[in-house]
Amino acid sequence: MLLSEQCYKKIDRELAKYPDDQRQSAVMAALAHAQVELGWVSPEVMQELADYIRMPAIAVQEVATFYNMYNLKPVGKHKITVCTNLPCALSGGVRAGEHLKDKLGIDYRGTTEDGEFTLIEGECMGACGDAPVLLVNNHRMCSKMSNEKIDALVEELKK
């Protein structure tokens with residue numbers, strides 16, 4: 001087993017929301033729980049989830065590769081996604097991304113040598129009025145990110 005018993009209990013709660021013949025409806029939540037536990041979703045984890053949910057492995061892979069919220073390769077402890085869609089780009093998203101690249105010494109899709117940070121260029125996060133917007137580990141949205149706020153965030157995450 002690649003996932004913990006606790007993770008499977010969370011997946012079971014998701015599966016309980018659907019009739020037995022529609023278990024596949026819980027695949028996105030199952031992938032998310034696996035990713036929270038392991039940091040990424042490997043092909044082996046996708047196979048294990050497919051077996052557990054009782055659906056074809058290719059169907060799990062299709063979902064995991066369609067949505068950009070799933071990490072299909074190892075990432076840093078802190079994955080920072082910068083919204084660079086046009087509204088955010090025009091409202092500081094480009095500046096925020098460049099500042100993070102300089103501060104972390106990596107480019108988009110790069111991971112720091114110590115494995116602490118991965119920087120990702122992201123799509124619209126639905127918070128254009130709060131630009132520039134960053135998303136930390138797919139769970140924490142940070143809005144109106146000045147260089148000072150970015151510096152404070154990076155320092156906080158390092159602790």
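In this predicted model, V27, M28 and L31 of helix 2 meet V60, V63 and A64 of helix 4, where a contact means heavy atoms within 4.5 Å. The residues of this contact divide into six nonpolar, no polar and no charged; here Ala, Val, Leu, Ile, Met, Phe, Trp, Tyr, Cys and Pro count as nonpolar, Asp, Glu, Lys and Arg as charged, and the others, Gly among them, as polar. The axes of helix 2 (residues 27-38) and helix 4 (residues 57-66) come within 10 Å and cross at roughly 70°, the axes being lines fitted to C-alpha atoms, for helices over the stretch in contact, with angles that run from 0 to 180 degrees between N-to-C directions. Helix 2 and helix 4 are therefore roughly perpendicular to each other, a term that applies from 65 to 115 degrees, while angles under 35 degrees count as roughly parallel, over 145 as roughly antiparallel and the rest as oblique.

Because the model is predicted, local features need pLDDT of at least 70 and side-chain atom pairs count only at pLDDT 80 or more, whereas totals for chains, interfaces and linings use all residues. Residues are numbered from 1 along each chain as its sequence is written, and side-chain values use heavy atoms, with hydrogens and water left out.

The protein chain holds six helices and five strands, which are DSSP runs numbered from the N terminus, helices being H or I with at least four residues and strands E with at least two. Along the sequence they follow the pattern α-α-α-α-β-α-β-β-β-β-α. The domain assignment, which is automatic or taken from a database, gives domain 1 (3-64) and domain 2 (76-156), and the C-alpha centres of domain 1 and domain 2 lie 28 Å apart. The C-alpha trace of the protein chain spans about 50 × 35 × 25 Å along its principal axes. Of the 159 residues in the protein chain, 42% are buried, meaning under 20% relative accessible area, with exposed set at over 50% and partly exposed in between (1.4 Å probe, protein chains only).

Helix 3 (residues 43-53) has V45, M46, E48, L49, A50 and I53 as its buried residues, and what covers them includes helix 1 (5-15), helix 2 and helix 4. After helix 3 comes R54, whose phi is positive, near 70°. Another residue to look for is E14, found in helix 1. At 16% relative accessibility, E14 counts as buried, and, leaving aside residues up to four places away in sequence, E14 touches A26, A29 and H33.

The strands come together in an open sheet of five, in the order 2-3-1-4-5 and with mixed pairing; two strands pair if DSSP finds at least two bridges between them. The edge strands, each pairing on one side only, are strand 2 (110-111) and strand 5 (140-142).

Strand 3 is mostly covered, since five of its six residues are buried. With strand 1, strand 3 pairs in the parallel sense over six bridges; in this pairing I80 stands opposite L119 and T81 opposite I120.

Strand 1 has six of its six residues buried, so it is largely enclosed by the rest of the structure. Both of its faces are covered, with H78, I80 and V82 buried on one side and K79, T81 and C83 on the other. Strand 1 also runs antiparallel to strand 4, to which three bridges join it, and V82 has L134 of strand 4 as its bridge partner. L134 in turn stands opposite C142 in strand 5, within the antiparallel pairing of strand 4 (residues 134-136) and strand 5 over three bridges. Helix 5 (residues 86-104) packs on the sheet, where it touches strand 1 (78-83), strand 3 (117-122) and strand 4, and its direction makes about 150° with that of strand 1.
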